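Thanks for coming. I will take one structure and go through how its parts pack against each other. Please have a look at it first.

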Amino acid sequence: MDRERFDTEALPYLKRLYGTAYRMTGNPADAEDLVQETLLRAFRSFDRFIPGTNLRAWLFTILHHVRTDGLRRAMRAPRTEELAGEGPAVPPPQEALASGGEDLARAIAALPEAFRVAVVLRDVEELSYGEIAQVLQVPLGTVMSRIHRGRALLRAALTGRKP
Amino acid sequence: MSCASDQVTAYVDDVLDPAARAEMEAHLATCTDCREQVAFERELKAGLRALPIPELRPGFEVRLRRSLAAERGRRYAGLLPLAAVLTLLVLWARGAAPFVAWELSLDHAHCFGQDRLPAKVWSSDPLEIAAWFDAQGTRIPPVPSGVAELGLVGARYCPLLDRVAAHLYYAGEERRLSVFVLSGPVRFPDDWTARSRGNHVRFLRSAGMTVALVSDKQEDVEVFRAAFRTTVASRY
């Protein structure tokens, strides 16, 4: 097991993992716990990571596992039925995205997590659809529909337009 | 084409194939709603990327690295019993006659296997050889200058795995014999003899020192042992 390799290759993703963890959990303390557990798990299984393959996607996959394990433990695992529900609790309709980011931050936080994570992985982390499918372990079609639906819900929240 | 908002999303993310993309572009030229969706989704990307993320709290990275170090300690803790067994094995093997015999046989083959013997001092005079070792702080017992067809040719120090030995070379027509004078303990019963890697090895105690004779010919070892005993006896 090569400790130095882990430090030089995996640890540089710390801030990006934390950014996504923060969007998942909504608060810094939980995000830090999530990232810490993710990197410890990654460290334990680093000898199973094949060098030259996609380290970033591998780390985000572990992050997603740790998050869903935690949610499952807390008996709050998101269910498919909920995702297809009425949409998020939204702030009052707003004109645009360019209102200082506060409305957007609120809207993304209010999005059901499955949509929120898909949108963040695509729009912030710029993972490809294929990588997101790997991370979330869902079919490509599901990735496409989650991104589409997530953006539509955000648009509805921010502009008052019906999704 | 009619409006297909999921296709608009796919267009924004550039995952449409060229034909679908061309069709979408033609549609966008005529559809305000879909153009607005494109504009929104593009703006959304920029907006999301610009959203602030709180800084990691001070000390988080230090705590993380500490946890990783502790994790590493746990990984290797599992190997401790194995390391302990290996250490005990090495401690036991060090000084055990079969282990030393194996080391000496290996070194004998190594030195005599070279084109030219790697001696550091060349002489057939036992006193000269003894003086050379003496100058470097090693006392060797009196040795014969030759036995039967074997004659003393030179010597050097040879590093073994667990010690350094004074190595004296005896050679003759098709015959080779090594005399090792060993520092440190070797555990062997009196006049212990062994075969190791095709060589005969015999350990002797002489004037408080451990001497080992190594040769591929058993008779050479036995003849040399007798002569060696005589030499030692005549000096003391």
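I start with helix 7 of chain A, where nine of the 12 residues are buried, so helix 7 is largely enclosed by the rest of the structure. Buried here means that 20 or more other C-beta atoms lie within 10 Å of the residue's own; exposed means 12 or fewer, partly exposed is in between, and C-beta atoms are placed from the backbone. Helices are DSSP runs of H or I with at least four residues, strands are E runs of at least two, and both are numbered from the N terminus.

Before going on, the ground rules. This is a predicted model, in which local features need pLDDT of at least 70, side-chain atom pairs count only at pLDDT 80 or more, and totals for chains, interfaces and linings use all residues. Residues are numbered from 1 along each chain as its sequence is written, and chains are lettered from A and ligands numbered from 1 in the order in which they are written.

Back to helix 7 of chain A. Just after helix 7, A:Glu126 takes a positive phi of about 55°.

What does helix 7 of chain A meet in helix 9 of chain A? A:Ala114, A:Phe115, A:Arg116, A:Ala118, A:Val119 and A:Arg122 meet a set in helix 9 that includes A:Val143, A:Ile147, A:Gly150 and A:Leu153. Contact means C-beta atoms, placed from the backbone, within 7 Å. Nonpolar covers Ala, Val, Leu, Ile, Met, Phe, Trp, Tyr, Cys and Pro, charged covers Asp, Glu, Lys and Arg, and the others, Gly among them, are polar.

The axes of helix 7 and helix 9 of chain A come within 8 Å and cross at roughly 100°, which makes the two helices roughly perpendicular. Axes are lines fitted to C-alpha atoms, for helices over the stretch in contact, with angles from 0 to 180 degrees between N-to-C directions. Under 35 degrees is roughly parallel, over 145 roughly antiparallel, 65 to 115 roughly perpendicular, and the rest oblique.

Now a second pair. The axes of helix 2 (residues 14-25) and helix 4 (residues 55-73) of chain A come within 11 Å and cross at roughly 30°, so helix 2 is roughly parallel to helix 4. A:Leu17, A:Thr20, A:Ala21 and A:Met24 in helix 2 meet A:Leu59, A:Phe60, A:Leu63 and A:Arg67 in helix 4. Those residues divide into six nonpolar, one polar and one charged.

Next, the core. The largest nonpolar core has 51 residues, and A:Ala21, A:Leu59, A:Leu63, A:Ala118, A:Leu121 and A:Leu154 have the most contacts inside it. Its largest share, eight residues, comes from helix 9 of chain A. A nonpolar core is a set of buried Ala, Val, Leu, Ile, Met, Phe, Trp, Tyr and Cys residues joined through C-beta atoms within 7 Å. Apart from this core lies another, of 33 residues, among them B:Tyr169 and B:Phe203.

Last, the chains. Chain A has nine helices and zero strands, while chain B has eight helices and eight strands. Of the 163 residues of chain A, 39% count as buried; for the 236 residues in chain B, the buried share is 26%. Their contact takes 29 residues from chain A and 27 residues from chain B. Helix 9 gives the most to the chain A side, with eight residues.

Technical notes. Two residues are in contact if their C-beta atoms, placed from the backbone, lie within 7 Å.
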